[in-house]
Amino acid sequence: LALCDGLFNVAHSMDHTHIVLTRNHVYPKELCEFYGFMLAEFITAQNLMVNVVALNVFVLIYFKKDLNFGAYDYRLLLYTFGLPCVGGSVAAYFGTLGPNGTFCYFDGVKGELVNVFFTTVPLLAVLLMNIVFYAMTWRKISTESRRLQHTLGQEAATIRASLQAAKTMSLFVTAFFAQWWAMALYGIWQMIAPVPQSLFQFVTTFSNIGGILNGVVYIIIRRRRATAKAKKMATKEKQFQDIKSVSEKVENSSV
């Protein structure tokens with residue numbers, strides 16, 4: 001996710017830097033098509049990857065299984081990076097990539113329909129699927145957490161570990177909602193009526209803060225790990241003190 005977001009921002013920054021330096025749209029057109037291809041590749045890859053994360057959480061919680069992506073996650077990588085690459089290559093072949101009037105993505109004239117089917121439709125589908133997976137997963141997590149509140153044993157510990165993993169993965173799904181909700185709404189609005197400037201500003205703001213959102217997720221995960229480690233150490237220390245106290249009592253009673 002960090003790689004997708006980083007490369008998306010690098011590609012996007014390059015075409016904006018080009019516009020600032022030349023005070024004009026990106027020329028030659030082939031260079032603009034390259035920037036557009038990079039955006040299409042990494043935006044779509046991020047969407048697909050977060051969708052797989054949401055699906056993996058759902059399967060983990062409901063079926064107690066972890067999806068197998070093969071050695072080095074090659075199936076996941078082929079799906080998330082290979083599929084957008086093929087789609088972007090087809091779009092480039094038919095000349096639908098280029099300047100959209102603001103930046104380099106899908107051509108504002110020849111690429112409008114392709115943009116709908118490459119960006120708007122998949123983004124809406126992913127958002128809706130993620131909402132369904134997310135709601136069902138959290139409902140199950142809440143139910144299981146209440147059930148295991150006073151349960152001990154290896155099975156309970158395993159389920160608790162699964163619940164914690166699901167909660168962690170769900171953070172990325174939440175960050176995805178925050179980053180892409182505006183673009184999904186923009187796509188729908190664009191097909192119905194002229195888009196207001198305020199919504200366009202929301203799109204340009206939220207779609208470009210993925211690094212911040214994923215950074216917040218990373219900090220939360222690190223803090224959770226530190227807290228869990230501290231609790232584990234405190235539990236071990238308490239157990240040691242209890243054993244020591246019992247041993248001292250046994251020795252005193254023997255004397």
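Helices here are DSSP runs of H or I with at least four residues, and that is the sense in which helix content is quoted for this predicted model. With that in hand, the span 198-221 comes out as 88% helix and 0% strand, and its end C-alpha atoms sit 34 Å apart. Residues 169-192 are 100% helix and 0% strand, with 35 Å between the end C-alpha atoms. Both spans carry the "transmembrane region" label in UniProt (an unreviewed entry), which also puts that feature at 43-64, 76-96 and 116-137.

Ala178 belongs to helix H5, residues 154-192, and touches Phe206 and Leu213, leaving aside residues up to four places away in sequence. Leu213 is 35 residues from Ala178 along the chain, yet their C-alpha atoms are separated by 8.0 Å. Ala178 has a relative accessible area of 26%, so it counts as partly exposed.

Elsewhere, there is a helix pair to look at. H2 (residues 29-63) packs on H4 (residues 112-147) at an angle of about 25°, with the axes 9 Å apart. Angles under 35 degrees count as roughly parallel, and H2 and H4 are therefore roughly parallel to each other. The crossing of H2 past H4 is left-handed. On the H2 side, the contact draws on residues including Ala40, Asn47, Asn51, Phe58 and Tyr62, while H4 brings in Phe118, Met129, Asn130, Arg139 and Lys140, among others. By residue type, this H2–H4 contact splits into 15 nonpolar, five polar and two charged.

Note on methods: Residues are numbered from 1 along each chain as its sequence is written. This is a predicted model: local features need pLDDT of at least 70, side-chain atom pairs count only at pLDDT 80 or more; totals for chains, interfaces and linings use all residues. Side-chain values use heavy atoms; hydrogens and water are left out. Helices (H or I, at least four residues) and strands (E, at least two) are DSSP runs, numbered from the N terminus. Buried means under 20% relative accessible area, exposed over 50%, partly exposed in between (1.4 Å probe, protein chains only). Contact means heavy atoms within 4.5 Å. UniProt positions are given in the numbering used here, feature names are shortened, and annotations may be inferred rather than shown by experiment. Axes are lines fitted to C-alpha atoms, for helices over the stretch in contact, and angles run from 0 to 180 degrees between N-to-C directions. Angles under 35 degrees count as roughly parallel, over 145 as roughly antiparallel, 65 to 115 as roughly perpendicular and the rest as oblique. A crossing is left-handed if the near helix is turned anticlockwise from the far one by less than a right angle, and right-handed if clockwise. Ala, Val, Leu, Ile, Met, Phe, Trp, Tyr, Cys and Pro count as nonpolar, Asp, Glu, Lys and Arg as charged, and the others, Gly among them, as polar.
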